[in-house]
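Please read them with the structure open.

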Amino acid sequence: MNHDARDAVSVLSENGRHFLMSALGEIDRDTETGNRNAVVFSAAAVEVLLKTRLALEHWTLLFDDPARAKLQDLKNGDFVSVQASRLVQRLNNVASLGLETKRADQIFKLRNRMVHFGPGPKIATRLEVSRSLGFALDFLHDHLLPELPDEEQQRLEELKTELTATFAKIDDFKAGRLRDLKAELGTHAIVITCPDCQQDALVIDGDEDENRCLFCLALTGSEELAERYVSDILGWTWTSIAEGGTEPLQECIECSGHALVGPIQVVNRPKISYVCFSCATTLEETDVDWCARCGDMKRSNGDSLCSSCWRVVLPD
Ligand SMILES: [Zn+2]
Ligand SMILES: [Zn+2]
Ligand SMILES: [Zn+2]
């Protein structure tokens, strides 16, 4: 990236941060004016963050007509920039981001309505702000942060943390984000409670290195996640063993990872009792029993011993 493009990215990302912070400040006030301002600020933030990503591809893409882009015009801020309504399409064309155009369209249309015709009902307005901020949060995480230079990345990481905290702390925002995530959560077979944000939004897909929470976007490796889940969600400690409990974390009978957790609650699948956070194996209570010799978990197959114990007692 040359010096001028770098400047454009830096200014745009700083403006995006500014508008998002302003929107967050207005949400806290929760007044009619505050909510209306939050719609306008959050839409401005989405527009500028999308433009930051475009500038990372090439500064000429910020112009309505890139063929007529001049560096001096960019420096002076004297040019017709690409329309908000065309940003997502342009990003999808040049960077193959596969973004949904509908959500961004709604955000920009609502901003226009608010600017020209004033506020709508309070509940609808807050829901729309939560949608815009959710879009900004997901876009930041998925498409912008990984591409940004270090300094801008650090500033926007802090903002991401603040956005996540806002969703977790304000009830109507939490409900709005969970409603927006419902369809996507429905496409995952294993959804559990996240130890970071306590929402039922952490998906286990068999990726050993990265288990993702769709609500707070935390990424955690399987074995670390398993340890945190048993202590933070199941409330298990080593003293639980002294009190006669069995350890809810053990070696997986399929992949041998130390990440098989149970008894566990899987959202919408009440029959599941055990989940391996590494390989995503799920087991019901009737799928397993315990080896009569070593006490390890095994698949229930009518045998009283596990395969390693059979090898010991019946050497060939
Ligand atoms: Zn979370
Ligand atoms: Zn496993
Ligand atoms: Zn055994």
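**Notes on the predicted model**

1. I start with one residue pair. V203 stands opposite R212, and R212 belongs to strand 3. Keep in mind throughout that this is a predicted model.

2. The strands around that pair come next. Strand 2 covers residues 200–203, and strand 3 covers residues 211–213. The two pair in the antiparallel sense, over two bridges.

3. What is the order of the strands in this open sheet of four? The order is 1-2-3-4, and the pairing is antiparallel. Strand 1 (191–193) and strand 4 (219–220) are the edge strands. Each of them pairs on one side only.

4. Four strands form it, in the order 5-6-7-8. Here, too, the pairing is antiparallel. Strand 5 (249–250) and strand 8 (282–284) stand at its edges. Each has a single partner strand, so one side of each is left without a neighbour in the sheet.

5. L249 has V261 in strand 6 as its bridge partner.

6. Now the domains. The protein chain is divided into domain 1 (3–185) and domain 2 (191–313). Their centres, taken over C-alpha atoms, are separated by 39 Å. How many residues does each domain give to the contact? Domain 1 gives nine residues and domain 2 gives eight.

7. Which helices supply the domain 1 side that touches domain 2? Helix 7 (150–169) and helix 8 (171–185) each supply at least two residues of that side. The largest share, five residues, comes from helix 8. By class, the domain 1 side has five nonpolar, two polar and two charged residues.

8. One residue of helix 7 is worth checking on screen: T161 lies in that helix. Is T161 buried or exposed? It has 11 C-beta neighbours inside 10 Å. A residue counts as exposed at 12 or fewer, so T161 is classed as exposed.

9. In sequence, T161 and L62 are 99 residues apart. In space, the separation of T161 and L62 is 28 Å, C-alpha to C-alpha.

Methods:
Residues are numbered from 1 along each chain as its sequence is written. Chains are lettered from A and ligands numbered from 1 in the order in which they are written. This is a predicted model: local features need pLDDT of at least 70, side-chain atom pairs count only at pLDDT 80 or more; totals for chains, interfaces and linings use all residues. Domain bounds come from an automatic or database domain assignment. Two residues are in contact if their C-beta atoms, placed from the backbone, lie within 7 Å. Ala, Val, Leu, Ile, Met, Phe, Trp, Tyr, Cys and Pro count as nonpolar, Asp, Glu, Lys and Arg as charged, and the others, Gly among them, as polar. Two strands pair if DSSP finds at least two bridges between them. A residue is buried if 20 or more other C-beta atoms lie within 10 Å of its own, exposed if 12 or fewer, and partly exposed in between; C-beta atoms are placed from the backbone.
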